[in-house]
Amino acid sequence: MDGRLAYGGDYNPEQWPEHVWDEDVRLMREAGVNLVTVGVFGWARLEPSPGRFEFGWLDRVLDLLHRNGVYVDLATATASPPPWFSLRYPQSLPQTRDGVRLSPGSRQAYCPSSPAYRDACTQLVERLAQRYHDHPALALWHVNNEYGCHVAQCYCPTSAAAFRDWLRWRYATLESLNDAWATSFWSQHYGDWEEIGPPRATPTFTNPTHQLDFHRFSSAELLDCYRAEHDVLRRASPGTPVTTNLMAPAFKPLDYWTWAPELDLVSVDHYLQAEDEDNHVDLALAADLTRSLAGGAPWLLMEHSTSAVNWQPRNLAKQPGQMRRNSLQHVARGADSVMFFQWRASAGGAEKFHSAMVPHAGTDTRVWRDVVGLGANLAALTEVTGSRVVCETAIAWDWVSWWAGDLDAHPSSDLRYLDQVRAHHAALWRAGVTADLVHPAGDLSAYKLLLVPSLYLVGEEAAANVRDFVERGGTVVIGCFSGIVDEQDHVRLGGYPGAFTDLLGVRVEEFHPLAAGSSARLDDGSTGRVWSEHAHTTGAEIVARYGEGDLSGVPAITRNPVGGGAWYVGTCLDATSLDRLLARVCEEAGVRPVAPAPSGVEVVRRRGDDASYLFLINHSTIDATLPGSGRDLLSGTRHRGTLTVPAGEVVVILEEDG
């Protein structure tokens, strides 16, 4: 690459006659595009029949892009097997939990455990790598596409056999498996490995640890698919980075903590929920999570949309200026690229109404003018490339706990993992505090404050890690229904919150989930939703009690004065109450906002070796004035002492005193 922030998107020239390609590269130059993803869904064109490869069209595309100064993120095309493959290998088609064999005709119509699929993938990747490993346009390899987006779990006989092999690896003996799965309950004891299958549809609740292990297995199987292609590329194309596009923040099926170390560059796709008025806050969570998966290093925004998508119930167009704000918000939080699905809007197919950089209406459009303007903005931010976001606050994030916590037969179906994490992250966003997401067993040494909104399942290593963090002077806030079970989803006996009882100085004897739509008033004026519980303090200070009902006078919020302080919140506070509590906690922990800013103005700082860049993004409809000194890289304006960010606009300051 050329040292600039990467700018571009998915380019699908196979959808268009070749005379359009010349127009494409001319427009790419006009927009400042320097990177495109090619070949994501090109398998049928690259291998139109078994073992017959046609690379001529791809040769011409890559040569054309190179002549016009555009680098290529070359995809392995394995995300969607062609029709001939499914006809030849019908056993490779995936099967649902209810036993329905899915048919080809869309994408991802493959079982991740299928030997035929894996063999065909590695053969195709081998041919691609041999042909293009030294092509001057090649900047990056792109394996598959959005793993697990449509088939995260397969329940076919091939997957069942692979699952049994995985269970033998995990447990070694049936005795260990029976103990882990608590099979003495409901007469589920297994006497032979062949008796075990995937957790297919059953008469009532399926064994929870069986389900949990199938989540673990399914994530690992897809990761093995990625590794198989990665290994071919590493051998045949050494020195070229390899990635695949993750999805954030709400993609539940894959444990990305296990995936991220396998990616040379962490990349992500993110799409707004159009009807969510605060979807920019969810965007911030997605970016913060992606940065955290990258270990704080810059990452690639591989896909987002210029305007509407095609797959939501109501696909709303983005408002004027929103695409620019969305894009620069990702850059503010650590992205070194802005890329879209896709370059040119498709004329046919299932995604023909998905927006693109070149819309159906062509270049005399607001979208195209915004695309060109954004390219100029990104060019002006070249020096930001490689800088990092540094945080003092972290939020615990664990996919395995998410899987386990959202299983059925729990005290309340209203208490959802992602809701709690989003609520706490949003409270920090409103306070102007940037946060990383961390695995609870990960390195916490860089942080002053750790929020644990929801950690139903926690292993001994993670529990000890949180305790050590507090004893070393860190402050922790732990939410309700945390620490309850071990890694096998077995309840930690002796009182809740189980693994955190001693750290928090609290013992809960019984859960009291709230009825739908009801609330719990606390004596400090706070309001709880969804959840309450009968707790006793065993050393903690009582910060707030329930103010009414059966639990009147019972502790609801506590603080144990150990180390830097261990707070426990036994209900789900509403936004106003959570804001107030976290403001108090942040002050205690010595955590400050990035910069003072009015409501609706997002402020994030990236730091390089010798420079500091302050991103100010005004999501409100009112101009905002706030302190700041330095030169705006986007406009060239120099500010001394104060600056104004107009409504809906973005300012990026090269700080003079940062």
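In this predicted model, Gly 528 stands opposite Leu 573 in strand S22. That pair belongs to an open sheet of three strands, ordered S16-S17-S22 with antiparallel pairing.

- S17 and S22 are joined by two bridges and pair in the antiparallel sense.
- The edges of this sheet are S16 and S22 (572–573), each of which pairs on one side only.
- Where does Leu 522 sit? Look in the loop between S16 (519–521) and S17 (527–529).
- Leu 522 has a relative accessibility of 1%, so it counts as buried.
- Leaving aside residues up to four places away in sequence, Leu 522 touches Gly 528, Ala 544, Arg 545, Tyr 546, Gly 547, Ala 556, Ile 557 and Leu 573.
- Gly 553 is 31 residues from Leu 522 in sequence, with 9.0 Å between their C-alpha atoms.

**The six-stranded sheet**

- This one is also an open sheet, with parallel pairing and the strand order S5-S4-S3-S2-S1-S9.
- S5 (242–243) and S9 (337–340) are the edge strands; each has a single partner strand, so one side of each is left without a neighbour in the sheet.
- S1 (residues 6–11) and S9 run parallel and are joined by four bridges.
- Within that pairing, Tyr 7 stands opposite Val 338 in S9.
- Helix H5 (residues 115–132) packs on the sheet, where it touches S3 (71–75) and S4 (138–142). The direction of H5 makes about 175° with that of S4.

**Helix H5 up close**

- H5 has 18 residues and reaches 26 Å from first C-alpha to last, close to the 26 Å expected at 1.5 Å a residue.
- Which residues of H5 are buried? They are Ala 116, Tyr 117, Ala 120, Cys 121, Leu 124, Val 125, Leu 128, Ala 129 and Tyr 132.
- Those buried residues pack against strands S3 and S4, and also against helices H2 (43–46), H3 (56–67), H4 (83–88) and H8 (208–236).

**Helices H1 and H12**

- Two packed helices are described by the angle between their axes and the distance between the axes.
- For H1 (residues 18–31) and H12 (residues 366–380), the axes come within 8 Å and cross at roughly 55°. That makes H1 oblique to H12.
- On the H1 side, the residues in contact are Leu 27, Glu 30 and Ala 31; on the H12 side they are Trp 368, Val 371, Val 372 and Gly 375.
- Sorted by class, this contact has five nonpolar residues, one polar and one charged.

**Helix H10**

- Why call H10 largely enclosed by the rest of the structure? Because 15 of its 15 residues are buried.
- After H10 comes Gly 295, which has a positive phi near 70°.

**Strand S11 and its two partners**

- In S11 (residues 393–396), Thr 393 and Ile 395 point one way while Ala 394 and Ala 396 point the other way, and all are buried.
- S11 runs parallel to S12 (residues 435–438), with four bridges joining them. Here Thr 393 has Ala 435 as its bridge partner.
- S11 also runs parallel to S13 (residues 449–452), this time with three bridges. In that pairing, Ala 394 stands opposite Leu 450.

**Ala 566 in S21**

- Ala 566 is found in S21 (residues 566–569).
- Is Ala 566 buried or exposed? With 0% relative accessibility, Ala 566 counts as buried.
- Val 470 is 96 residues from Ala 566 in sequence, yet their C-alpha atoms are 7.0 Å apart.
- Val 470 is also one of the residues that Ala 566 touches, along with Val 476, Leu 503, Leu 504, Thr 558, Arg 559 and Asn 560, not counting residues up to four places away in sequence.

Key. Residues numbered from 1 in each chain as written. Predicted model: local features only at pLDDT ≥ 70, side-chain atom pairs only at ≥ 80, totals over all residues. Heavy atoms only, no water. Pairing = 2+ DSSP bridges. Contact = heavy atoms within 4.5 Å. Axes fitted to C-alpha atoms, helices over the stretch in contact; angles between N-to-C directions. Parallel < 35°, antiparallel > 145°, perpendicular 65-115°, else oblique. Nonpolar A, V, L, I, M, F, W, Y, C, P; charged D, E, K, R; others polar. Expected span 1.5 Å × (residues − 1). Buried < 20%, exposed > 50% of the residue type's maximum accessible area, 1.4 Å probe, protein only.
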